[in-house]
Amino acid sequence: MTLELYRGIARTGIRHVQCRNEQGASFMADGYARATGKPGVCTIIGGPGVTTRHRHRAGLLRFATHARTVRGVSRPNARERLGAIHELADQAAVTAGFTAFSAMVRYPDELPELIARAYAVFRGSRPRPVHLSLPRDVLPAPVEAEWKTRRAPSLPMPDQAAIDEAADRLARAKRPLILVGGGAVGTRKPLTDIAERIGAPVLASNAGKGILPDSHPCRWAARSCRKRASRALADADVVLLVGSEVAAGDHFLAKLEIAGEIIRIDIDPAELTSMYSAAVPIQSDARAAMLALSSALSSRTSRRNGRKASTGSGRSARAMPRK
């Protein structure tokens, strides 16, 4: 059912990576998205291909062929019960519950808008999968209208008042700690600067591993579920939480004990009001917010300490076990 799609790929020069099965294709595209911060794209067959496991916190665009035909009929719904292989009653509905959106392409000219909408989700909000079903009679048809590239929306930028308040609290903190997740990918430089300036150990969720190398003195390699890490979170008077939903899969506890103030940076407003609510919520692209916070802290720490803040000149991170 994907032959027409591959004929099109051959004409475009798009690099194609052959996978063993649908699950492998989804996982590979998911891994690409997590490692690069760019959307991963995969193609799968309908039916069982659609129901393979979906990872839900990465920018993933899945094109799935659909056994039904939709063109050339007077009614808006797909033709049903034709006995086609892998036929599903409503393929788009199968994935609607765990994607940013799921849609069936009923006419070729719908594709430019749907793909632009998918990339708007990937760029302007917390990345989540998008599913597009391509019926077998739509797949070989051309897009008649001119396909113009649609500009993706700008990333949300941080509120300067919130950045200033966060910088003030971190500059005054006696026992600061930083916890980063997958949303902090691309923040290594400002993260390093902030950690070194305030002397904060850096913990990482599963998705946040590698943002700050394990070899860095501020990086604590223990997972947040370890007893020492849990005690450090409970002991911290200010916790900077960046790009993480603090999911149960990271700590395997009902809830992490965080007694101190939380400064939370996340692109998703829903996370800012979750069970780990923030004293200073900052809805923003993580990199933009961390760069602004690093700049704000630079002026505050230099005034307070009376010395030029540079790599290694701030307070040293609290001595903590590596494992």
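1. **Ground rules.** This is a predicted model, in which local features need pLDDT of at least 70 and side-chain atom pairs count only at pLDDT 80 or more, while totals for chains, interfaces and linings use all residues. Residues are numbered from 1 along each chain as its sequence is written, and side-chain values use heavy atoms, with hydrogens and water left out.

2. **Overall make-up.** The chain's secondary structure comes to ten helices and nine strands; helices (H or I, at least four residues) and strands (E, at least two) are DSSP runs, numbered from the N terminus. Of its 323 residues, 46% count as buried, where buried means under 20% relative accessible area, exposed over 50%, and partly exposed in between (1.4 Å probe, protein chains only). Among contacts (heavy atoms within 4.5 Å) with a separation of 6 or more, 66% are between residues 24 or more positions apart.

3. **The sheet.** An open sheet is formed by five strands in the order β6-β5-β7-β8-β9, with parallel pairing; two strands pair if DSSP finds at least two bridges between them. β6 and β9 are the edge strands, each pairing on one side only. On average, neighbouring strands of the sheet are turned by 15° against each other, direction ignored. Axes here are lines fitted to C-alpha atoms, for helices over the stretch in contact, and angles run from 0 to 180 degrees between N-to-C directions.

4. Pro 176 has Val 238 in β7 as its bridge partner. Leu 179 stands opposite Leu 241 in β7, and in β6 its bridge partner is Leu 203.

5. **Both faces of β5.** In a regular strand the side chains alternate between the two faces of the sheet. In β5, Pro 176, Ile 178 and Val 180 are on one side and Leu 177 and Leu 179 on the other, and all are buried. That makes five of five residues buried in this strand.

6. α6 lies across β5, β6 and β7 and runs at about 160° to β5.

7. **The nonpolar cores.** A nonpolar core is a set of buried Ala, Val, Leu, Ile, Met, Phe, Trp, Tyr and Cys residues joined through side-chain atoms within 4.5 Å. The largest has 34 residues, of which Ile 178, Val 180, Leu 240, Ile 282 and Leu 293 touch the most other members. Elements giving two or more residues to this core include α5 (160-172), β5 (176-180), β9 (280-283) and α10 (286-305). α10 gives the most, with seven residues. Apart from this core lies another, of 18 residues, among them Ile 9, Phe 63, Val 105 and Leu 134.

8. **Around Ile 282.** Which residues does Ile 282 touch, not counting residues up to four places away in sequence? Its contacts include Pro 158, Ala 162, Ile 163, Ala 166, Ile 263, Ile 265, Leu 272 and Ala 289, along with Arg 264 and Asp 266.

9. **Thr 192 and His 216.** Thr 192 is found in helix α6 and counts as buried because its relative accessibility is 17%. Leaving aside residues up to four places away in sequence, Thr 192 touches Leu 212 and His 216. His 216 lies in the loop between β6 and α7 (227-235), and it too is buried, at 14% relative accessibility. The C-alpha atoms of Thr 192 and His 216, 24 residues apart along the chain, are separated by 8.7 Å.

10. **Aromatic rings.** A search of the whole structure finds one aromatic pair. Rings of Phe, Tyr and Trp (its six-membered ring) pair if their centres lie within 6.5 Å; planes under 30 degrees apart count as stacked, over 60 as edge-to-face and the rest as tilted. Tyr 119 and Phe 122 form this edge-to-face pair, 5.3 Å centre to centre with 75° between the planes. They are about one helical turn apart, because three residues separate their positions in helix α4 (residues 111-124). Tyr 119 is partly exposed at 33% relative accessibility, whereas Phe 122 is buried at 9%.
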